[in-house]
Amino acid sequence: MTTADMGTGLGPGTDTGPGLDTGFGPGADTGLDTGPSLDTGPGLDTGPGLDAGPGLDTDSGLDPRSGPGVAPEARASSPAPAPTPASTPAPLPVRDTPARPPRRGPADPVKTLMHQHRTLCERAVDPLEIAAGLEAHGVTDRTAARFRHRDVFSLAEELYARVPRAEAPPPAVPAPGPVRRGRAARVALHLLPGAVCAATVAAVAAAGHAATPVPFTSAYGPSHRLVQTAVEVVGTGLVLLALRLCVRHGPLRARYPVARSAGLWTCWLAGYALCGDWLLRQVLAGGPGLPPAHPQLATASALALTCAVVPAAWCAHWFAGRARRGLADSRCLTAFASGARPLLLIATAMQLAALLALSAAADAAGGAGAVGDGGGAGTVAAASALGALLFLARLLARHGFPSAAATGPAAAVALEAAALACVLAARLPGLEPLGGPVELAVTHLGPSVVPAVACALPALGLLLYALGALTGASAHAPAPDAAPAPVPAEAGRP
C-alpha cells in the first residue's frame with residue numbers, strides 16, 4: 001500500500017518503529033495515536049517533513065487538531081479519538097454445544113424381564129424359543145410395547161442377544177436297544193384299545209350263539225342275554241381303561257390338565273355312537289317301552305374308532321415333530337405360521353382318511369355278519385365325523401388349549417341332546433312341529449344323520465380354531481413339566 005492511499009502525506013521511507021521520531025524535539029506532543037492498531041508498514045518515516053496540519057487525513061486514525069499549533073487546552077477538551085474497527089476486540093465464538101440426549105429411565109425396562117425369564121433365555125437356542133416361552137407366560141405384543149418393542153419377536157431377539165448362553169453338556173446318545181423297546185411298547189399300548197374291543201365283540205357274538213344252555217334265566221328273555229350284557233359291560237370297562245392309558249402317555253398326552261367335563265362329554269359321545277341310533281328309532285316310534293328291549297349296539301363303529309387310535313397317535317406325532325422342526329428353521333413367526341398351516345391340514349386329512357377306511361372296513365365286516373350289523377354310509381360318516389372331532393380336540397389339548405378341546409365335544413353333545421329333546425317334546429300338545437325336522441331327516445337319511453351333523457359342525461369349528469392356535473410358536477414350546485404354576489398357551493392370545 002502507498003502513502004497516498006493512507007492519506008497521511010508521509011513520505012516513502014518513513015519509519016514508525018519502537019522509537020518514533022517526529023522531529024519536534026523531546027517535549028513535542030503531536031497527539032499521534034500509535035496504538036497497536038496503526039500499521040504503517042516497515043518503511044514509514046516521520047522525520048521533520050511530517051505534515052500534521054489541517055490537511056491530515058483522518059482516515060489513518062490521527063487527530064487533525066494535534067500538532068504544534070494547537071493549544072493544550074483544546075487538546076485536553078477534545079474528545080478521545082474513537083477506536084478503529086480493527087482495534088475493537090472480536091467477540092468470542094459461541095460454542096455449538098449439542099443437545100443433551102433424553103434421560104433414560106431409572107432402570108432398563110428389559111433388565112427386569114431378563115431376570116424373570118433368565119433360565120428360558122439361557123437355555124434357548126433360537127429367539128423363536130424365547131418368543132414361544134414369553135407367549136406361554138402371557139406376554140403379548142401389547143406387553144412388548146411397554147418394553148419399547150413392536151412385538152414379542154423383537155423383544156425375544158433382544159433377550160437372546162443380551163443373555164449369555166448357558167453351558168449345557170452335550171446330550172448323551174441313548175442306546176438303540178432301549179429306544180426300540182420303548183417304541184414297541186408305545187405301539188403296543190396304542191394297539192391295545194382296538195385289540196380289547198375286537199376281543200369283546202367276539203366274546204359277545206360267541207355268547208349270543210352259544211350252543212350249550214346257560215344255567216341262568218331272566219324274566220325278560222333267554223339266559224344268554226345276561227351273559228352278553230355282562231361281557232359287554234366288562235369289555236366296555238377294559239376298552240375305556242385302555243383308552244385312558246393311551247391319552248395319558250405318548251403323542252396324545254395333554255400338556256395341561258383337562259377339565260373333568262371333557263371326559264363326561266367324551267363318554268356321552270361314545271355311548272351315543274354305540275346305541276344312539278337305536279335309541280332315536282325307539283323315541284320316534286313312541287318308545288322305549290317297558291320292559292326295555294335289549295339295545296342294539298353299533299359294534300362296527302366302536303371297533304373302527306378304537307382301531308383309529310393308532311393312526312391318530314402317529315398323525316399327532318408327525319405334526320408335532322414337523323412343527324418343531326419348522327420352528328427351529330424359521331426366522332420369523334409369520335413364516336412359521338404359514339408353514340404350520342399345511343402341516344395341520346395334512347395331519348387332519350390323513351386321520352380322516354384312516355377313519356373312513358377303518359369305518360368302511362368295519363361296516364363291510366358287519367354287513368357280512370362278522371361284526372354286528374352294517375349300518376351303511378350313514379354309519380361310516382357318523383363314525384368318521386366323531387373320530388375327527390375327538391382327534392382335533394385331543395390335538396388342541398396336547399398343545400396347550402384345554403378349554404377349546406372341551407368346547408368342541410360339548411357342542412356335539414348339545415346338538416345330539418337337542419335332537420332327542422325335540423322328538424320327546426313333540427309328544428306334548430301344541431309342540432308337534434318341534435320333532436318335524438329330526439323326523440324328516442331320519443326318514444330320508446337314516447338315524448346316523450344326527451350324530452354325523454352333530455359331530456361334523458363342531459369338528460369344522462375346531463379345525464378353523466386350530467389353524468390359528470396351533471400355528472403359533474407358543475403351541476410348540478416344550479411342556480413346562482417342572483413349572484410350579486403352568487399357564488395355558490391360550491392365556492396369552494386375544
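Predicted model: local features only at pLDDT ≥ 70, side-chain atom pairs only at ≥ 80, totals over all residues.
Reader: Why is Leu 192 called partly exposed?

Author: The relative accessibility of Leu 192 is 34%. Buried means under 20% and exposed means over 50%, with partly exposed in between; Leu 192 therefore counts as partly exposed. Leu 192 lies in helix α8, residues 176-208.

Reader: What makes Leu 192, Leu 241 and Leu 245 a nonpolar patch?

Author: A patch takes residues with over 30% relative accessible area, and nonpolar side chains, Leu among them, are joined within 5 Å. Leu 192, at 34%, passes the area cut-off. Together, Leu 192, Leu 241 and Leu 245 form a surface patch with about 230 Å² of accessible area.

Reader: How do you know that helices α10 and α17 approach each other, and at what angle do they cross?

Author: The axes of α10 (residues 260-284) and α17 (residues 449-469) come within 9 Å and cross at roughly 145°. Leu 269, Tyr 272, Asp 277 and Leu 280 of α10 make the contact with Val 450, Pro 451 and Cys 455 of α17.

Reader: Which classes of residue make up the contact of α10 with α17?

Author: Six residues are nonpolar, one is charged and none is polar. Asp counts as charged, whereas Leu, Tyr, Val, Pro and Cys count as nonpolar; the charged residue is therefore Asp 277.

Reader: What describes the chain as a whole?

Author: The chain has 17 helices and zero strands. Of its 494 residues, 36% count as buried. The accessible surface comes to about 28,200 Å², and 64% of this belongs to carbon and sulfur atoms.

Note on methods
Residues numbered from 1 in each chain as written. Heavy atoms only, no water. Axes fitted to C-alpha atoms, helices over the stretch in contact; angles between N-to-C directions. Helix = DSSP H or I, 4+ residues; strand = E, 2+ residues; numbered from the N terminus. Contact = heavy atoms within 4.5 Å. Patch = residues over 30% accessible without salt bridge, like charges linked within 9 Å, V, L, I, M, F, W, Y side chains within 5 Å. Areas by Shrake-Rupley, 256 points an atom, 1.4 Å probe, with all protein chains shown as cover. Salt bridge = Lys/Arg side-chain N within 4 Å of Asp/Glu carboxyl O. Buried < 20%, exposed > 50% of the residue type's maximum accessible area, 1.4 Å probe, protein only.
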